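Welcome! Please take a moment with the sequence and the 3D view below, and then we can walk through some of the features together.

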Amino acid sequence: MDGLRVARGFRKIGAWEVRSPDAGFGGISAMAFDHGLLVMVSDTGSVITVRPQFARRRAKGTIAGIGKACGHDGQKTSRDSESLAIDPESGVRWIGFEGRNVICRIDPARPNDARIVAPPAMRAWPNTGGAEAMTRLCDGQFMAIAERPRGDKRNSPVVIFDRDPTDPAAVARTSLFVPPNGFRPTDIVEMPDGSLAILTRSYQPPFAFDGRLVTIARGALDTRKISGKTVVQFTRPLDENFEALAVTQSNGRAYIWIMSDDNFMPFQRTMLVL
């Protein structure tokens with residue numbers, strides 16, 4: 001497969017361009033699986049759900065607004081959702097919003113009963129570089145990463161919550177993620193073996209992108225600076241704006257799903273890579 005370089009121990013499966021006749025499809029910022037259903041959030045405040053069916057090369061899905069319970073007022077700064085975590089047992093979702101630096105908890109069974117919090121540890125994050133990446137760890141902890149710090153510093157702030165970040169009793173500790181030089185984090189998942197995978201992106205105006213996937217040992221979370229090794233690199237013709245990351249497991253193998261954000265631009269694509 002052209003445009004994708006992988007380290008030893010990883011295997012390329014395929015890349016697909018995803019299209020929809022619905023004008024609301026696109027701008028994918030994060031994704032996660034919920035009982036086989038792929039749930040995506042966009043930077044226009046939409047939730048897109050679909051059950052992938054590769055054999056048919058098409059699938060039906062839904063597109064809906066995240067809902068006013070998360071504080072939407074119709075403005076871009078209010079509905080710019082950038083990160084997503086899902087409890088695999090209950091299906092409860094946590095969505096991180098850029099601009100406001102808040103996390104909203106939604107139970108699909110009670111969509112109007114949302115909890116929203118602006119964690120003190122995230123208040124200094126830049127308005128356009130907030131909770132870009134977030135995941136729920138198997139032990140119930142949450143990890144959120146800012147796309148970038150204020151100023152020109154290289155490392156991205158990390159906050160690790162000991163439980164649901166919207167729980168008033170949640171305790172947070174901070175760290176720093178050291179991305180590959182020139183790259184910024186866009187999403188994070190916990191792998192079945194307990195390690196972490198962080199998707200990173202570089203950008204050169206007007207629309208030049210590069211992407212790298214970095215893996216990190218679980219023990220690194222206890223260090224002041226978290227770093228890892230690059231295992232996947234995107235090059236032309238897959239030099240897209242890759243922002244969303246998810247993982248599934250089948251027959252003892254982990255499958256990494258990566259999707260790009262087309263920014264609703266006609267010359268960019270929504271690409272799904274496995």
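## A charge over a ring

A charge sits over a ring if NZ of Lys or CZ of Arg is within 6 Å of the ring centre and within 35 degrees of the ring normal. Keep in mind that you are looking at a predicted model. In this model, Arg100 lies over the face of Phe97, at 4.8 Å from the ring centre.

Phe97 also turns up among the neighbours of Asp80. Leaving aside residues up to four places away in sequence, Asp80 touches Asp43, Gly96, Phe97 and Glu98. You can find Asp80 in the loop between α1 and β7 (81-86). Is Asp80 buried or exposed? Its relative accessible area is 7%, and buried means under 20%, so Asp80 counts as buried.

## Aromatic pairs

How many aromatic pairs does the structure hold? There are 4. In general, such a pair of rings is described by the distance of the centres and the angle of the planes.

For Trp94 and Phe142, the ring centres are 4.7 Å apart and the planes stand at 65°, so this pair is edge-to-face. Another pair, Phe234 and Phe242, is stacked, with 4.0 Å from centre to centre and 20° between the planes. Phe234 is buried, with a relative accessible area of 1%, and Phe242 also counts as buried at 1% relative accessibility.

## The disulfide

Next, look at the cysteines. The count comes to 1 disulfide, and this bond joins Cys70 to Cys104, with 2.2 Å from S to S. The link of Cys70 and Cys104 is left-handed, with -85° about the S-S bond. It connects distant parts of the chain, 34 residues apart: Cys70 is in the loop between β6 (61-65) and α1 (76-79), while Cys104 is in strand β9 (residues 102-107).

How accessible are these residues? Cys70 is buried, with a relative accessible area of 0%, and Cys104 is buried with a value of 0% as well. Cys138, in contrast, is exposed, with a relative accessible area of 64%.

Now for the strands. Strands of a sheet pair through backbone hydrogen bonds, either parallel or antiparallel. Here, 4 strands make up an open sheet in the order β3-β4-β5-β6, and their pairing is antiparallel.

One of the pairings can be followed in more detail. Strand β5 (residues 46-50) pairs with β6 in the antiparallel sense over 5 bridges. Val50 has Gly61 in β6 as its bridge partner.

## An exposed loop residue

Finally, visit Ala217, which has its place in the loop between β17 (208-216) and β18 (225-226). Its relative accessible area is 52%, and exposed means over 50%, so Ala217 counts as exposed. The C-alpha atoms of Ala217 and Ala118 are separated by 29 Å, and these residues are 99 residues apart along the chain.

Terms used: Residues are numbered from 1 along each chain as its sequence is written. This is a predicted model: local features need pLDDT of at least 70, side-chain atom pairs count only at pLDDT 80 or more; totals for chains, interfaces and linings use all residues. Side-chain values use heavy atoms; hydrogens and water are left out. A disulfide is a pair of cysteine sulfur atoms within 2.5 Å. Helices (H or I, at least four residues) and strands (E, at least two) are DSSP runs, numbered from the N terminus. Buried means under 20% relative accessible area, exposed over 50%, partly exposed in between (1.4 Å probe, protein chains only). Contact means heavy atoms within 4.5 Å. Two strands pair if DSSP finds at least two bridges between them. Rings of Phe, Tyr and Trp (its six-membered ring) pair if their centres lie within 6.5 Å; planes under 30 degrees apart count as stacked, over 60 as edge-to-face and the rest as tilted.
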